[in-house]
Amino acid sequence: MTSTSGTLISEPPPAVAAPEPVERRRPRLADLGTPLLYLLSLSTALALAGLLIALVGQSPWDAANAMYDGSLADGAAIGQSIDQAAPLLLVAVGSVIAARAGIFNIGQEGQLLVGAAVGAAIALFTPGPGPLVLILALLGAAVGGALWAGIAALLFYWRGVAVVISTLLLIFVANQAVSYAVNSPSLLREKAVAGQVTTSQTDMLAESVWLPRIGEYPDFNIGAGIFVALVLAVGTSLVLVRTRLGFRLRMLGLNPKAAHRAGVGAVLVGGGALLASGAFAGLAGGVMLTGNGHRMQDGFADNVGFDGLLVALVARDKPMLAVPVALFFGALRAGGGFLSATGVPRYIVAVVTALMVLATVFPAAYAEVRRRRTAGAA
Amino acid sequence: MKNMVRVIAASVIIPGLLLTACGGGSSSSSTTEAGAPASAGAPGAGTLPANEPDVNKDKKVVIGVMSPGDTKDKGYYQSFVDEANTYATANGWKLVVVDKINPANAVQQARNLCRQKVDMIAIGASELKDALSAAKEPQCKGTTWYISGGQGVTQTAEFTQSLDYINESLYVAGYAAGLILKENGGKKAGYITGPDLQFARDVAKAFEAGIRKVVPDAEMVQTYTGDFNDSGKAKEAAQAQISQGVKVIYPYLGGATDVVTQLANEKGVPALTPGTDRCGTPGAQYAISVIFSPGAYFAGALEDFKKGTLRMGVAREWHLGKDPVPTVKLCKPTGDQAQQLQTLIQDIGSGKVKVDEAVAAGK
């Protein structure tokens with residue numbers, strides 16, 4: 001008691017020390033713990049999704065069944081989920097590399113698109129044996145993505161333009177540039193067939209340039225893209241944790257000033273990380289092109305770049321953790337596609353899928369915000 | 001390091017287990033008997049799938065509709081679904097509509113429909129032609145395929161298609177617009193569409209040639225907004241064109257069509273429909289209905305399907321002046337406008353007017 005009241009001062013001291021007042025505070029979300037937070041957010045998302053589906057006159061139970069049928073019910077569905085996961089994983093691993101160097105690349109959607117366009121150009125116009133052209137197309141896709149990310153690196157290290165802003169804005173440029181390419185007969189637009197109208201897409205790639213598939217519809221079947229993604233995820237994880245380069249990269253991300261004093265070149269390591277991130281996104285585009293669809297159209301990227309970024313966020317920038325998260329997101333995408341094929345309106349499917357993604361991302365994002373607050377307070 | 005080894009092991013083992021658990025599953029039961037041979041003496045007339053319309057013999061008829069556009073656009077894409085709905089309701093069939101399909105996902109969406117054992121997959125536009133590659137896959141064997149092929153999709157034995165010809169309907173649409181221009185003393189027409197695509201250019205060319213048949217010195221202002229459904233861009237383009245003095249406007253759009261027409265209505269500029277008959281319908285008022293809706297063609301195919309006579313491997317052509325659709329009509333003709341229009345339609349149908357040559361000549 002710090003009162004200056006004479007009455008209080010004159011009171012005899014208590015015989016027993018009063019107990020310390022218990023600090024009462026409102027319960028926080030963090031008190032729930034991560035598993036409970038996941039449970040809470042997923043339950044909320046499921047409830048909202050069910051409500052929305054019921055509101056458009058469909059059965060939530062049937063919709064849940066359709067999501068399951070489309071993602072896990074049989075071999076074809078599981079294969080489809082894994083196929084969807086492959087480019088997500090590649091994008092996510094690339095995002096992790098940049099994030100570990102302290103660079104927030106959010107332009108994977110554009111890098112993927114440019115990578116796929118470069119890959120398509122190589123696959124369509126390079127003569128040679130199929131497997132060689134396939135490898136060249138994938139490498140070309142990676143180089144295309146890296147160069148596109150390189151523009152942001154150049155702007156950042158030369159002019160100080162924030163990477164977040166430049167990579168984001170470069171997505172719009174990539175969309176327009178690729179759209180122009182697939183609409184121009186002199187560039188990538190499909191060749192005209194007598195009596196037919198061509199549309200804004202490339203020619204179909206020759207079958208010899210397709211990524212091999214294991215298994216056949218309607219049984220379990222997957223494209224080789226997932227193996228490419230897994231190998232690169234494992235390799236990246238090892239490089240980040242076990243090599244000098246990985247150490248320098250992490251040091252740059254954790255404390256750029258200390259890294260500078262230790263002789264880590266920010267331009268070389270940081271710029272390299274951004275280029276590598278773009279290369280992974282470009283390669284994801286190459287895998288999508290040669291693994292599924294086998295031609296490019298407007299809208300080719302289909303939000304894979306953004307979803308891959310979310311995979312990295314949920315995986316908390318750990319390449320190996322990105323594997324199961326990418327599989328989960330792949331299952332969501334496959335299930336969502338099947339759900340829309342059952343007659344549930346496309347916009348509802350989009351909202352349901354987005355709710356599930358949000359529910360998955362929320363605990364990780366919340367933990368990240370909390371970590372930063374704690375670090376800031378310290 | 002141990003944790004990493006565990007994670008790596010899990011990543012390899014889990015897919016392996018899934019492979020073991022799921023590989024070798026038998027194919028779905030959606031197989032069908034081999035199609036009956038084409039009618040004798042009719043080479044190239046395709047094959048007739050057995051048991052139409054219940055081709056997979058599961059005692060129900062399910063039609064899966066695939067559309068690249070919004071099936072609530074009150075126009076081209078909606079007409080396809082409306083027709084299918086009419087048949088489905090009248091015959092107790094089930095309809096599954098999947099719209100706004102990205103062409104890159106067309107094959108997968110077709111497979112998803114096949115897995116639901118649909119009896120027919122109907123594709124609303126040739127942008128989704130890649131979906132047809134699923135027709136040969138085992139899970140799609142019990143399915144008949146129809147595509148609204150527009151100018152044409154390379155024909156194979158697995159599907160049937162409807163064909164129409166841009167030059168016929170759009171040349172006559174231009175002619176009708178020319179009649180209106182002549183009446184209101186205008187010399188300038190507007191054409192607003194979405195992406196700068198080859199078929200959109202072809203449409204513009206035929207439309208302009210038709211206008212110039214009536215008003216030889218007419219000009220046409222073209223705007224490509226980049227999106228068939230972006231109402232904001234379409235309205236902006238219409239405002240710009242009207243301020244340039246266009247006296248008739250063609251919103252060759254999807255979901256953004258009505259916005260342009262409503263603005264045109266306010267400014268007293270007549271408008272044309274992109275595919276459907278909207279004469280006298282509530283809402284936006286049209287002066288000319290240019291009718292080439294895929295729904296009209298699909299109706300013919302559904303009728304055959306219902307009767308069990310829809311053949312795969314063949315294309316049905318729809319010609320202006322020979323078939324009820326495509327056609328063009330003036331909603332409120334004055335003087336002898338209707339007669340002039342009808343004469344041109346008949347001349348094209350009879351071959352008296354060589355429409356391709358007229359379009360190539362630009363008048």
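Modeller: In this predicted model, two strands are said to pair if DSSP finds at least two bridges between them.

Colleague: Which residue of strand 3 of chain B stands opposite Val65(B)?

Modeller: Strand 1 of chain B also pairs with strand 3 of chain B, in the parallel sense and over four bridges. Both faces of strand 3 are covered, with Met120(B) and Ala122(B) buried on one side and Ile121(B) and Ile123(B) buried on the other. The residue of strand 3 that stands opposite Val65(B) is Ala122(B).

Colleague: Where in chain B is Lys117(B), and is Lys117(B) buried, partly exposed or exposed?

Modeller: Lys117(B) has a positive phi, near 60°, and is a residue other than glycine. Its place is in the loop between helix 3 (106-115) and strand 3 (120-123) of chain B. Because 18 C-beta neighbours lie inside 10 Å, Lys117(B) counts as partly exposed.

Colleague: How many C-beta neighbours does Arg316(A) have inside 10 Å?

Modeller: Arg316(A), although not a glycine, has a positive phi of about 55°. In chain A, Arg316(A) is found in the loop between helix 12 (304-314) and helix 13 (322-340). Arg316(A) counts as partly exposed, because the number of its C-beta neighbours inside 10 Å is 15.

Colleague: Which helices of chain A do the buried residues of helix 9 pack against?

Modeller: In helix 9 (residues 244-254) of chain A, the buried residues are Arg248(A), Leu249(A) and Leu252(A). They cover an arc of only 100° around the axis, and they therefore lie on the same side of helix 9 of chain A. The helices of chain A against which these buried residues pack are helix 4 (75-100), helix 8 (225-242), helix 10 (256-261) and helix 11 (266-291).

Colleague: Which residue does a cis peptide bond join to Val325(B)?

Modeller: One cis peptide bond in chain B runs from Glu52(B) to Pro53(B), with omega near 0°, and Pro53(B) is found in the loop between helix 1 (2-22) and strand 1 (62-66). In the loop between strand 10 (315-317) and strand 11 (327-330) of chain B lies Pro326(B). With omega about 0°, the residue joined to Val325(B) by a cis peptide bond is Pro326(B).

Methods
Residues are numbered from 1 along each chain as its sequence is written. Chains are lettered from A and ligands numbered from 1 in the order in which they are written. This is a predicted model: local features need pLDDT of at least 70, side-chain atom pairs count only at pLDDT 80 or more; totals for chains, interfaces and linings use all residues. Helices (H or I, at least four residues) and strands (E, at least two) are DSSP runs, numbered from the N terminus. A residue is buried if 20 or more other C-beta atoms lie within 10 Å of its own, exposed if 12 or fewer, and partly exposed in between; C-beta atoms are placed from the backbone. The arc is that of the directions from the helix axis to the C-beta atoms. Two residues are in contact if their C-beta atoms, placed from the backbone, lie within 7 Å.
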